[in-house]
Amino acid sequence: MSLLAVLLLFTGCLTIHGQQLALSANDLARRVDDHYNHLQSLKAEFSEDYDGLGMHRSESGTLLLRKPGRMRWEYHSTAGKVFVLDGKYAWFYAPGDTQVQRLAATQLDDLRSPLRFLLGHTRIESELQALTLAVGPAGSYTLSGQPKGQQKRIARLSLTVTTSGVITAISIEEADGATTRFKFSDETPNAAIPESAFHFVAPAGIPVVDSLPPV
């Protein structure tokens with residue numbers, strides 16, 4: 001068989017009707033795992049859109065992640081609003097709140113947790129049940145599944161990813177029909193992030209209240 005014939009056969013195996021075959025869900029999930037499990041820290045810009053209970057909310061800010069188990073969502077659209085995970089506790093505060101909410105990290109079942117898990121040693125195939133893959137626009141893919149242990153709260157979690165395993169969006173469909181979508185841009189892998197970024201100090205005069213874990 002000639003070299004040209006081999007190349008044509010190989011090309012034919014990769015395309016159907018002129019469209020490139022998608023990776024399998026498991027293959028792409030492993031690429032995402034590999035990308036994030038090799039990071040020690042991450043900085044990215046984010047936008048957050050919520051639709052549910054008859055309302056729409058849009059916010060944006062900067063996301064900082066650092067192993068082990070540290071995370072900071074700093075909102076620019078609402079100056080002073082933060083969600084901080086210091087490895088032991090999660091802290092929630094926004095200007096105007098009469099108290100700071102604190103929750104043990106082991107009890108965290110927050111919508112922001114999926115990306116935090118990707119900074120640990122985890123496997124998407126183990127975290128999401130009935131994993132599926134869909135081809136999106138501009139060479140993107142969407143991995144979707146049902147998060148294990150969260151059936152009563154989250155109906156579906158979708159990750160929009162590149163072929164190299166970079167997450168560009170997370171969409172969370174809650175059991176009550178509400179949807180939250182995070183989009184990420186300007187990712188800086190292994191960014192130099194000081195430990196102080198994950199230390200939360202309550203504003204003067206604002207009490208800290210231990211919250212109950214989500215139901």
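Reader: Which residues does Ala44 touch, not counting residues up to four places away in sequence?

Author: In this predicted model, Ala44 touches Gly61, Thr62 and Leu63, and also Ser185, Asp186 and Glu187. Ala44 itself has its place in strand β3, residues 41-52.

Reader: Why is Ala44 called buried?

Author: Buried means under 20% relative accessible area. Ala44 has a value of 4%, so Ala44 counts as buried.

Reader: How far is Ala44 from Ala191, in sequence and in space?

Author: They sit 147 residues apart in sequence, and their C-alpha atoms are 9.5 Å apart in space.

Reader: Let's move on to Ser171. What makes Ser171 buried?

Author: The cut-off is again under 20%. Ser171 comes in at a relative accessible area of 12%, and therefore Ser171 is buried. You'll find Ser171 in strand β12, residues 167-174.

Reader: And which residues does Ser171 touch, leaving out those up to four places away in sequence?

Author: Ser171 touches Arg156, Leu157 and Ser158, plus Thr179, Thr180 and Arg181.

Reader: How do you know that strands β4 and β5 pair?

Author: Pairing takes at least two bridges between the strands. β4 (residues 55-66) and β5 (residues 70-75) have six bridges, in the antiparallel sense, so they pair. Thr62, for instance, stands opposite Glu74 in β5. The two strands form a hairpin with three residues between them, and Gly69 in the turn has a positive phi of about 65°.

Reader: What makes β5 and β6 a pair?

Author: Same test: at least two bridges are needed. Four bridges join β5 to β6 (residues 82-85), and the strands run antiparallel, so β5 and β6 pair as well. Met71 has Leu85 in β6 as its bridge partner. Here the hairpin has six residues between the strands, with Gly80 in the turn at a positive phi of about 95°.

Reader: Why is strand β5 called mostly covered?

Author: Five of its six residues are buried, which means that those five fall under 20% relative accessible area.

Reader: Which residues touch the most other members of the largest nonpolar core?

Author: Out of 35 residues in that core, they are Trp73, Leu143, Val161, Ile167, Ile170 and Phe184. Helix α2 (residues 25-37) gives the largest share of this core, five residues.

Reader: How many residues are in the other core, which lies apart from it?

Author: Six, among them Val82, Val84, Trp91 and Phe200.

Methods
Residues numbered from 1 in each chain as written. Predicted model: local features only at pLDDT ≥ 70, side-chain atom pairs only at ≥ 80, totals over all residues. Heavy atoms only, no water. Buried < 20%, exposed > 50% of the residue type's maximum accessible area, 1.4 Å probe, protein only. Contact = heavy atoms within 4.5 Å. Core = buried A, V, L, I, M, F, W, Y, C linked by side-chain atoms within 4.5 Å.
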